[in-house]
Amino acid sequence: MAGGTGTYYYVEGELRTDYYFPVPGVWSAVEKTIADMKGRDVEPDRQTDGGKIVAVINDEKVTFRLKYKDKDLTTLGIRVGLVGNETASKMLHDRVAVSYTHLRAHETPEHLVCRLLLEKKNQQLDRHELLT
């Protein structure tokens, strides 16, 4: 996946992954995804550390939950329906990644350096977890 770390966690009906972009950038990618998919009844709830956006997409209630992790690292969880749908959530993550990739095409050199350093750090942590 272009946008996330490539690692997904399906917890309590919500599919989560990290994006190497600040919360406002991921928020914009989620808004673009909702608009592109003709979402309706959109209810944004922005918080200082992230927030959530609830919308109806293809007659299903979808909750996008954003959480600040670091300056240029945001966790995005997606729940489709009341109990969750992992396949539909993955498809929405893929759509967010396309919007996110478009945003990354316009990132500053400073954001690029921070993102690459965070990616390297997370790859090292992932390798360490595999060995333990």
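Start by selecting strands β2 (residues 14–19) and β6 (residues 73–80): they run antiparallel and are joined by five bridges. Strands here are DSSP E runs of at least two residues, helices are H or I runs of at least four, and both are numbered from the N terminus. Two strands count as paired if DSSP finds at least two bridges between them. Keep in mind that this is a predicted model, where local features need pLDDT of at least 70 and side-chain atom pairs count only at pLDDT 80 or more, while totals for chains, interfaces and linings use all residues. Residues are numbered from 1 along each chain as its sequence is written, and side-chain values use heavy atoms, with hydrogens and water left out.

Click Lys67 here: its bridge partner in β6 is Thr75.

Next, show the whole sheet. It is open, has six strands in the order β1-β2-β6-β5-β4-β3, and the pairing is antiparallel. β1 (9–11) and β3 (40–47) are the edge strands, each pairing on one side only. On average, neighbouring strands are turned by 20° against each other, direction ignored; axes are lines fitted to C-alpha atoms, for helices over the stretch in contact, and angles run from 0 to 180 degrees between N-to-C directions.

Then bring in helix α1 (residues 23–36). α1 packs on the sheet, touching β2, β3, β4 (50–57), β5 and β6, and its direction makes about 5° with that of β4. Contact means heavy atoms within 4.5 Å.

Leaving out residues up to four places away in sequence, they include Leu15, Tyr19, Val26, Val30, Phe64, His93 and Val96.

Last stop: the largest nonpolar core. Such a core is a set of buried Ala, Val, Leu, Ile, Met, Phe, Trp, Tyr and Cys residues joined through side-chain atoms within 4.5 Å. Of its 19 residues, Val30, Phe64, Leu76 and Leu92 touch the most other members.

How values were computed: Buried < 20%, exposed > 50% of the residue type's maximum accessible area, 1.4 Å probe, protein only.
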